Amino acid sequence: MWEVSSERHQPSVGSWDETAGLHNQGGVTMVKTQISGIMTYQDAVLALDAGADALGFDLNPRSEYHIAPAAVREIADRLPPFVPVVGIFHNEFNFEALRSMVEAAKVSVVQLDGNESADYCRQFSAWRLVKKLRVGDDFDVMRVKTYPVSAILLEGDSPDGQGGRLFDWRFAAAAKQYVRVILSGGLTSENVATAIRTVKPYAVNVREGVESAPGRKDRIKLQTFMLEVERGRQEAARSTTGRLPRLEF
């Protein structure tokens, strides 16, 4: 029941981190989509069937979305080829311990979500690396230039440091001049098309916005979200303006 067609999920031309910015094929802007907080093989299949490009697995033991490396590997071994498996870590500063988890989980992309420095990130030359930065009103866009990474994931800061929030997308539009930007934080089917049309990021990331309960992905929400992603791609391809209104939340 849960087996996936390997043909259906082969990525489009231009891989998860192959080139910066947008991929335009036949007038369609190819913004990528990562579904994070995957905890079961069934939810991985739901995300891929909806059209996701990459799957994010939270390997932070303190997270409510935590999944053990062995469980990630079991899921990864059942996935079709060419599906990026993203291992998400938060303030794991023991590099050897992290390396062990990466290898045990069989992830292809490492995402660092905590306070990891640019110097710490330089140890990850063996893997494609994504660094999350939280954006507040005083965010310095030049920070994105200091990290030796494949992409920077931006999301709005939150008081508890947990779930990301929406933020002023002008920061993301400025940051993408220097690095691939993955837009995250508070994205849902109600706003993702606008996000893609206005920011034109390399990719978008969603977790809670496609769930029926924490850690449980919802088929209809996933399908609706991906339909809106496609609408945003089409609108971004037709858009000629680069001006972004300030967004108040």
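Which side chains meet in a salt bridge with Asp113? I looked this up and found that the side chain of Lys132 does so, at 3.1 Å from N to O. I took a salt bridge to be a side-chain nitrogen of Lys or Arg within 4 Å of a carboxyl oxygen of Asp or Glu.

**Basis of the entries**

I note that this is a predicted model, in which local features need pLDDT of at least 70, side-chain atom pairs count only at pLDDT 80 or more, and totals for chains, interfaces and linings use all residues. Residues are numbered from 1 along each chain as its sequence is written, and side-chain values use heavy atoms, with hydrogens and water left out.

**Entry 1: salt bridges**

I placed Asp113 in the loop between strand 6 and helix 4 (118–121) and Lys132 in strand 7, so that the pair links distant parts of the chain, 19 residues apart. Helices (H or I, at least four residues) and strands (E, at least two) are DSSP runs, numbered from the N terminus. Asp113 counts as buried at 12% relative accessibility, and Lys132 is buried at 10%. For these terms, buried means under 20% relative accessible area, exposed over 50%, and partly exposed in between (1.4 Å probe, protein chains only). I also found Asp113 and Lys132 in a salt-bridge network with Arg134 and Glu155.

My search of the whole structure gave 15 salt bridges. One of them joins Lys106 and Asp77, whose closest N and O atoms are 2.8 Å apart. Lys106 lies in the loop between helix 3 (95–105) and strand 6 (109–112) and Asp77 in helix 2 (residues 69–78), so this pair ties together parts 29 residues apart in sequence. Lys106 is partly exposed, with a relative accessible area of 44%, and Asp77 is partly exposed at 44%.

I then examined Arg170, which forms a salt bridge with Asp168 at 3.2 Å between the closest N and O atoms. Arg170 is partly exposed at 38% relative accessibility, whereas Asp168 is buried at 7%.

**Entry 2**

I recorded 6 of the 6 residues of strand 8 (residues 151–156) as buried. Ala151, Leu153 and Glu155 point one way, and Ile152, Leu154 and Gly156 the other. In a regular strand the side chains alternate between the two faces of the sheet.

Strand 7 (residues 128–135) runs parallel to strand 8 and is joined to it by 6 bridges; two strands pair if DSSP finds at least two bridges between them. Leu133 has Leu154 as its bridge partner in strand 8. I found 3 bridges from strand 8 to strand 9 (residues 181–183), again parallel, with Leu153 opposite Ile182.

In strand 9 I looked up Val181, which is buried with a relative accessible area of 1%. Beyond four places in sequence, Val181 touches residues including Ile152, Leu154 and Ala203, where contact means heavy atoms within 4.5 Å. The C-alpha atoms of Val181 and Ala203 are separated by 6.7 Å, although the two are 22 residues apart along the chain.

**Entry 3: nonpolar cores**

I defined a nonpolar core as a set of buried Ala, Val, Leu, Ile, Met, Phe, Trp, Tyr and Cys residues joined through side-chain atoms within 4.5 Å. The largest has 66 residues, of which Leu55, Leu79, Leu112, Phe124 and Leu154 touch the most other members. Its largest share, 7 residues, comes from helix 1 (residues 41–50). A second, separate core of 10 residues includes Ile88, Val130, Tyr202 and Ala203.
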